[in-house]
Number of protein chains: 2
Amino acid sequence: MAISLASQPTLRWDGDISGSLWMIDQTLLPLEFREIECRDVETVWEAIRSLRVRGAPAIGSAAAYGVVVGMQTISVDSDAAGFAERLVQVTEYLATSRPTAVNLFWALDRMKRVVAELDGSTRAKIERLLKEARTIEIEDREMCAAIGRHGAELLEDGQGVLTHCNAGALATAGDGTALSVFFAAAAAGKRLHVFADETRPLLQGARLTSWELTRRGIDTTLICDSMAGWVMREGKIHAVVTGADRIAANGDTANKIGTYSVAQLAKVHGIPFYVAAPSSTFDMSLASGDEIPIEERAREEITCGFGKQTAPDEVAVYNPAFDVTPAELIAAIITERGLIRPVNSRTVVDMIGA
Amino acid sequence: MAISLASQPTLRWDGDISGSLWMIDQTLLPLEFREIECRDVETVWEAIRSLRVRGAPAIGSAAAYGVVVGMQTISVDSDAAGFAERLVQVTEYLATSRPTAVNLFWALDRMKRVVAELDGSTRAKIERLLKEARTIEIEDREMCAAIGRHGAELLEDGQGVLTHCNAGALATAGDGTALSVFFAAAAAGKRLHVFADETRPLLQGARLTSWELTRRGIDTTLICDSMAGWVMREGKIHAVVTGADRIAANGDTANKIGTYSVAQLAKVHGIPFYVAAPSSTFDMSLASGDEIPIEERAREEITCGFGKQTAPDEVAVYNPAFDVTPAELIAAIITERGLIRPVNSRTVVDMIGA
């Protein structure tokens, strides 16, 4: 496991418009580091669906490149109508891969828009799509860096901080959102002690966050999700920072299941709870978090999570992949544009636009 | 898995004073139902240490029979001093198996006391010890039934209830503590919907509680620990009932890690949080929960919990097995003698004695 993330990005495009998308298969971490090559859109769809690539910003980048891969099968002499038809097909298909992360739909819309008014050859249009996907990826890197800068101001040397799930480099094309804040604070000489919730059922905290943080020399302690409240009670946590999968216009935030409990427990203990997310995570069409669709995933994630059955067949299972943290529990949202603080409909519009 | 718990107790003594202790190996459930035979005290110690038998009352019964097993090696013509010396050895050894559940020390003390003043042969003394262990087991069954009766009064037909870890038949010699409440309510015609926290790291909720409840026809849904707050927010929970491993004189309650978070989340959502525990769980020598020792267990329970490594070697791990829920978060403690409500130093002494 000598590979550093700095040298090995979460996803990368290899080649020109006939190239392919390579992604770290995150389901194999931390024991195995393997990249998968996506040469058809079905492979991209499956990779998003199966969480080989996950994290709202990374899903956006993967989907953007997925559109390029999906358009490669079109004949070079197809007409504009044929191109448009295939583009709808590809983007609608990719949109079905996961329901909650709005960055997916945001990236797909952006890809459609750049060629909507474009005259020119099929080749020119695919070149334009590839350029846009690269731009989304580059913007994502810059966004991560900016979030890190803004968020690091909120943390002090010697603090204990808690994070849930993985909002790190593996969740983006850059340094991450929540973890970018920790990396930026560390780069500024602030020594943090990070507690990472393991994040059942899929253990992104144990598998991914622990891996990223320890690789980069951040002092990290892994705990079970159920321990977060007790660690707060013991006085070891001074701030919580998580990512987000979709944020409504009033600041209500959907994120990995368990985030809501962490936010409530932070409030009980007087600890500020921060969300780190790019502006692309906001869905201004939704007035509140009540309108955010919550993905329910398969029972086997809970009953047979690690290749071994750990619950009887007869028991019912409830497996929501996300929950919604109400804006009033969020001390600030850290965006690439700056801090939204306090968090409410007015301050969100001021930063993000209507 | 056709074996019902009614016909197969968590633990049982087979034979006379030269007999042996049989226990269900709970680490193998729900996939495999196997009993282990304990013919020496080391096997009993290992079974408690490795959670083959777990749950505060069951640990008490197992330790009591463990004393009998441990005394079987003594020569029949040993003198009173030799007997007393061996008894100290056996009880001190068993006391090191787990640090938090007070029922362990309570049962060992009780076993020592019944032979402390007893004149007679070695055989007579071991017979007395076996009789006392049987009495502890029988009292445990009666205690479970009484807790069920008192607790069932607190629940109403159609309610959703949450439990954490396993405070069921498998945790006692009888019907359980928290689960006894559900069984008694069901027997009284109240249809409950139980949500069972899976209870990381060792998944007692997934493996044991789900198994017990579904076997006995109780409508049960398994969730991850991190989902409890969200399920409360969705309005699906009307009461929480858990067991306890040790209760201080002011009502502060040590129970499986995660219980404290559940209690705080219940309070936030206006849901009553109940503890079901026999009077033997109270440790009146401790003024408050701050004095309860909290067992820390091996990192591998979190990093390799399912026979597969799921976290990098480099990450630190914090694995407290218990946490302490302050009395003010507990709506009532359900004991075999009745309800302690509200919970404070005065009401605890009134019910338990000084």
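Student: So which side chains meet R191(B) in a salt bridge?
Tutor: In this predicted model, the side chains of R191(B) and D157(B) meet in a salt bridge with an N to O distance of 2.7 Å, where a salt bridge is a side-chain nitrogen of Lys or Arg within 4 Å of a carboxyl oxygen of Asp or Glu. The pair links distant parts of the chain, 34 residues apart: R191(B) is in the loop between helix 6 (178-187) and strand 5 (193-197) of chain B, and D157(B) is in the loop between helix 5 (122-152) and strand 4 (160-163) of chain B. Helices (H or I, at least four residues) and strands (E, at least two) are DSSP runs, numbered from the N terminus.

Student: And is R191(B) buried or exposed?
Tutor: R191(B) counts as exposed because its relative accessibility is 61%, while D157(B), with a relative accessible area of 40%, is partly exposed. Buried means under 20% relative accessible area, exposed over 50% and partly exposed in between, using a 1.4 Å probe and protein chains only.

Student: How should I read the labels and values, by the way?
Tutor: Residues are numbered from 1 along each chain as its sequence is written, and chains are lettered from A and ligands numbered from 1 in the order in which they are written. Because this is a predicted model, local features need pLDDT of at least 70 and side-chain atom pairs count only at pLDDT 80 or more, while totals for chains, interfaces and linings use all residues, and side-chain values use heavy atoms, with hydrogens and water left out.

Student: OK, what about R346(B) and D350(B)?
Tutor: Their side chains meet in a salt bridge at 3.4 Å, N to O, and both residues lie in helix 11 (residues 345-352) of chain B, four residues apart, about one turn of the helix. R346(B) is exposed, with a relative accessible area of 55%, and D350(B) counts as exposed at 58% relative accessibility.

Student: Changing topic, how is chain A divided?
Tutor: Chain A is divided into domain 1 (11-144) and domain 2 (149-352), with bounds that come from an automatic or database domain assignment. In chain A, 27 residues of domain 1 are in contact with 33 residues of domain 2, contact meaning heavy atoms within 4.5 Å.

Student: How many salt bridges cross that domain interface?
Tutor: The rule finds two salt bridges across the interface of domain 1 and domain 2 of chain A. The side chains of R49(A) and E295(A) also meet in a salt bridge, at 4.0 Å, N to O.

Student: And how much area do chain A and chain B bury between them?
Tutor: They bury about 4600 Å², with 69% of it on carbon and sulfur atoms; buried area is the accessible area (1.4 Å probe) that two parts lose on being put together, summed over both. The count between the two chains is four salt bridges, and the side chains of E198(B) and R200(A) meet in a salt bridge at 2.6 Å, N to O.

Student: Last one, where is T253(A) found?
Tutor: T253(A) is found in strand 9 (residues 253-256) of chain A, and at 1% relative accessibility T253(A) counts as buried. Leaving aside neighbours within four places in sequence, T253(A) is in contact with residues including V275(A), D323(A) and I333(A).
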